[in-house]
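This briefing is intended for a reader who meets the structure for the first time. Please view the sequence and the model side by side while reading.

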Amino acid sequence: MILTTYTLGEIHEQLGGELIGDPQLLISSILPLESAGPDSISFLSNPKYRKQLQTCKAACVIVGESARELAVARGAAIITKDPYLYYAKLSQIWKKKQTFGQAAAGVHVQAYVHPTAIVHPTASIGPFSVVEEGATIGAYTVLKSRVTVSYGCHIGDHCILHPGVVIGADGFGFALNRDPNSLEWVKIEQLGAVRIGNNVEIGANTCVDRGALGDTVIADGVKLDNLIQIGHNAQIGKNSAMAACVGIAGSAKIGAYCTIAGASNVAGHLEVADHVHVSAVSTVIKSIPVPGQYTGFFPIDTHINWEKNAVALKKLSHLQEQVKLLEQRINEVSQS
Amino acid sequence: MILTTYTLGEIHEQLGGELIGDPQLLISSILPLESAGPDSISFLSNPKYRKQLQTCKAACVIVGESARELAVARGAAIITKDPYLYYAKLSQIWKKKQTFGQAAAGVHVQAYVHPTAIVHPTASIGPFSVVEEGATIGAYTVLKSRVTVSYGCHIGDHCILHPGVVIGADGFGFALNRDPNSLEWVKIEQLGAVRIGNNVEIGANTCVDRGALGDTVIADGVKLDNLIQIGHNAQIGKNSAMAACVGIAGSAKIGAYCTIAGASNVAGHLEVADHVHVSAVSTVIKSIPVPGQYTGFFPIDTHINWEKNAVALKKLSHLQEQVKLLEQRINEVSQS
Amino acid sequence: MILTTYTLGEIHEQLGGELIGDPQLLISSILPLESAGPDSISFLSNPKYRKQLQTCKAACVIVGESARELAVARGAAIITKDPYLYYAKLSQIWKKKQTFGQAAAGVHVQAYVHPTAIVHPTASIGPFSVVEEGATIGAYTVLKSRVTVSYGCHIGDHCILHPGVVIGADGFGFALNRDPNSLEWVKIEQLGAVRIGNNVEIGANTCVDRGALGDTVIADGVKLDNLIQIGHNAQIGKNSAMAACVGIAGSAKIGAYCTIAGASNVAGHLEVADHVHVSAVSTVIKSIPVPGQYTGFFPIDTHINWEKNAVALKKLSHLQEQVKLLEQRINEVSQS
């Protein structure tokens with residue numbers, strides 16, 4: 001493939017910051033500090049990699065004010081308030097110039113769009129994607145290949161839905177018929193839909209179920225990674241982000257600006273406040289009304305150690321009793 | 001979309017119960033107690049929402065005998081033994097009247113069905129779904145969009161397979177070639193298939209692998225949510241239900257009427273009795289011969305508390321020893 | 001479907017070992033010891049099933065040297081060093097003779113392959129699979145139905161990608177714009193791709209994300225089960241195997257010959273040495289430099305016991321303090 005190239009001057013012109021160095025310098029790759037070459041631009045966002053600056057071979061480094069001297073000592077530099085954000089914006093102008101990997105507006109000839117669906121002319125519907133009856137797809141939204149948006153669901157503007165995403169499959173709702181002669185699950189038809197705001201990105205094979213009564217709602221700016229499950233009637237507040245393999249059960253209400261790390265799970269019918277951060281592989285079973293970082297997973301160990309501690313854990317409550325008893329006894333002994 | 005409407009009399013005629021109120025009352029939505037309006041029907045199934053009855057604006061509420069007085073005091077009511085089951089059946093007649101979201105019998109023009117596959121004329125095969133050689137799809141079964149049923153697999157009658165479902169991909173089977181010169185995994189071809197009973201529903205992007213030797217079997221009435229993994233040669237007993245993100249490893253045998261809550265995992269080559277209920281995010285590694293509720297996940301906490309307790313947990317077995325020692329010593333002290 | 005049949009002699013001729021018994025014996029199924037019939041071949045690989053040999057009805061059993069006598073006492077036998085490996089190879093010749101379930105070389109008429117993609121003529125691209133711009137698919141590689149290989153990604157030779165696999169969706173990368181007036185996530189375009197070696201098998205609905213800068217790399221001989229997430233810029237060493245529902249976060253580097261059991265998770269930016277074995281449902285959050293078996297999940301229990309122990313666990317660090325204090329006090333008491 002043809003690589004993207006920029007001069008330092010072009011980058012600076014589009015993204016700002018303070019440029020120190022030759023604007024004619026040609027940049028043909030963005031690379032991390034340790035693998036950058038003489039035609040690369042790189043960036044320092046985490047202070048712990050600071051010492052890599054000295055040995056970095058990049059033509060230019062994007063750094064914050066505090067690393068100005070170190071950066072300039074070694075070659076060209078762009079000084080900016082938030083180097084990581086600068087890198088994000090740089091990646092965007094880089095991508096735009098590529099001749100490949102661009103979503104074309106319109107409906108791919110091998111897609112399926114129901115005649116009653118409304119797809120904005122600037123939207124892109126990839127091969128083998130499905131947009132069912134009455135669904136709406138907003139401006140500049142991209143459905144990559146093999147995405148399903150079920151009937152009556154709404155996707156806002158500037159969204160990206162990666163391959164395999166399923167929006168609006170039936171929520172998991174059944175009533176148990178307790179009659180002993182016909183003890184079985186009776187389907188609750190899911191009469192709601194899914195409403196997704198603007199600037200939402202949804203990762204590969206992630207599922208957002210339609211509501212039972214009323215809609216499942218994903219607010220503006222939400223970012224979902226791959227293989228996530230969002231249950232029926234869940235509500236995800238704006239700009240919240242979730243890493244891969246997260247599960248959000250039905251009717252959970254997640255606030256705005258939350259982050260939920262990989263493989264965590266949130267039970268249904270509870271509320272998580274704004275600005276709550278859940279660590280990886282943690283299980284939320286009660287509402288969290290106070291912002292902060294919450295964690296709950298079993299620490300890994302060698303198998304042999306784990307086994308010993310796991311056995312002990314099954315008697316932990318008993319151990320607590322034993323200690324309480326010991327405290328009483330020692331009180332008696334020391335008083336006698 | 002055109003909304004569904006029913007008169008109370010029509011609902012009562014189709015679903016029974018005791019109707020108190022005007023049969024001509026027009027109902028145009030089913031909604032929860034707190035959001036119901038003057039043209040809604042609502043229901044009370046969980047006694048803890050009982051006080052919402054008084055302020056509920058619904059035209060009619062479906063309630064049990066114990067809430068009769070409260071319900072009648074506020075307007076029309078349907079009295080029935082199991083209001084939640086009544087709601088389930090109401091959702092079904094509601095859905096049937098909708099002009100959208102109905103699966104059409106037949107094979108969609110953009111589906112792929114192998115000539116040797118047998119698809120019942122009443123079945124519905126959605127766009128970009130695949131039915132391979134020798135597979136059979138039963139009466140009234142619906143494959144939504146983008147479902148794969150691999151060669152030789154059987155799906156019963158009245159099943160629903162949601163988008164992205166994969167039935168009959170190869171089970172995960174490899175033998176290690178221990179020869180140091182060619183230390184590698186050798187594929188074990190999966191020579192079995194998948195057999196799925198009647199009235200089974202399978203959620204979006206869920207996978208049921210084909211058996212290695214003999215079949216993977218899902219019995220009648222099983223309900224699987226999204227993103228579930230069923231390993232090769234697993235057997236799931238009738239009317240068992242599993243929530244999203246559950247993993248069932250190979251050759252596990254799950255009984256009938258079990259429920260497995262979200263993100264739980266069951267190891268391979270074990271048996272779970274009928275009527276076992278596994279809580280969310282729990283790991284079953286031994287057979288469970290006794291019905292009941294089983295649980296095992298790390299309780300979430302503030303990160304700072306979790307960290308302290310996680311560190312302590314890695315020394316729990318040692319703590320147990322310490323306590324045993326303390327007991328011995330205090331015995332000595334008190335005897336001296 | 002027409003069943004595969006082999007004579008014992010044909011099997012022996014192709015796979016070797018020591019055949020004891022009539023080479024003309026007709027074999028029409030491979031089955032486990034307990035369900036084998038008089039036209040079956042079976043195998044004993046796990047010594048704990050040894051006693052099943054005596055009652056096994058198979059025409060022929062594949063066994064190791066140590067079970068020779070037992071096997072011969074009951075009928076025909078093939079003696080080989082590694083019966084499980086022999087079975088794997090037998091399953092392969094068995095499958096090859098089947099008239100169904102064979103991947104045909106070439107691009108299915110209902111697939112989508114971009115004109116700039118390079119698909120080896122021996123490769124098989126199934127219905128509704130997508131191969132984007134500049135992607136390459138190696139010799140004898142099979143993309144079953146509904147697989148996506150995104151632009152610029154490379155799949156080696158002799159790979160199998162099961163239905164629903166997504167290779168090269170965007171990695172999950174965003175920079176937070178901390179400006180309070182536009183507090184939101186800014187997309188980091190994922191400029192790398194995915195490179196997959198030879199003899200790699202990837203299970204249904206598994207996702208391997210493209211790199212942010214540089215590629216995500218899956219080495220030769222890796223085996224991934226279903227519903228796995230491989231984050232951007234992860235590196236998986238050769239012949240490592242992962243069971244279903246595993247999550248590997250971005251930039252994690254997994255060594256060669258590792259096994260990661262089902263539903264385990266590995267955090268990002270860390271290294272796992274060669275020959276590390278992670279048990280099911282375990283969370284790796286630090287590098288593991290030493291080979292061995294590592295485990296970390298909460299042991300399941302009856303719900304009532306779990307609840308007691310979970311409550312105690314939230315005070316475990318406090319319990320540790322109490323025990324320390326008790327030790328001091330008992331020292332004081334016994335010294336007084």
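The points below cover the relation of the chains, their interfaces, a helix crossing and a sheet.

This is a predicted model, in which local features need pLDDT of at least 70, side-chain atom pairs count only at pLDDT 80 or more, and totals for chains, interfaces and linings use all residues. Residues are numbered from 1 along each chain as its sequence is written, while chains are lettered from A and ligands numbered from 1 in the order in which they are written.

**Relation of the chains**

- Two copies of a chain are related by a rotation about an axis and a shift along it.
- For chain C laid on chain A, the turn is 120°, the shift along the axis is 0.0 Å and the RMSD is 0.0 Å.

**Interface of chain A with chain B**

- In this interface, 62 residues of chain A are in contact with 63 residues of chain B (contact: C-beta atoms, placed from the backbone, lie within 7 Å).
- Among the elements of chain A that give two or more residues to this side are β18 (166-169), β23 (207-209) and α6 (316-335); helices (H or I, at least four residues) and strands (E, at least two) are DSSP runs, numbered from the N terminus.
- The largest share, seven residues, comes from α6(A).
- By class, this side of chain A has 31 nonpolar, 20 polar and eleven charged residues (Ala, Val, Leu, Ile, Met, Phe, Trp, Tyr, Cys and Pro count as nonpolar, Asp, Glu, Lys and Arg as charged, and the others, Gly among them, as polar).
- β36(A) pairs with strand β37 (residues 301-302) of chain B in the antiparallel sense over two bridges; strands pair if DSSP finds at least two bridges between them.
- Within this pairing, Y294(A) has T302(B) as its bridge partner in β37(B).

**Interface of chain C with chain A**

- Here 62 residues of chain C are in contact with 63 residues of chain A.
- α6(C) gives the most to the chain C side, with seven residues.
- Strand β37 (residues 301-302) of chain A and β36(C) run antiparallel and are joined by two bridges.
- T295(C) in β36(C) is the bridge partner of D301(A).

- The axes of α5 (residues 303-313) of chain B and α6 (residues 316-335) of chain C come within 7 Å and cross at roughly 60°; axes are lines fitted to C-alpha atoms, for helices over the stretch in contact, and angles run from 0 to 180 degrees between N-to-C directions.
- The two helices, α5(B) and α6(C), are therefore oblique to each other (angles under 35 degrees count as roughly parallel, over 145 as roughly antiparallel, 65 to 115 as roughly perpendicular and the rest as oblique).
- K308(B), N309(B), A312(B) and L313(B) of α5(B) make the contact with L316(C), S317(C) and Q320(C) of α6(C).

**A sheet in chain C**

- Five strands of chain C form an open sheet of mixed pairing, in the order β2-β7-β6-β5-β4.
- β2 (18-20) and β4 of chain C stand at the edges with a single partner strand each, so one side of each is left without a neighbour in the sheet.
- β5(C) pairs with β6 (residues 60-63) of chain C in the parallel sense over three bridges, and I41(C) stands opposite C60(C) in β6(C).

Note on methods. Contact = placed C-beta atoms within 7 Å. Least-squares fit on C-alpha atoms with pLDDT ≥ 70 in both.
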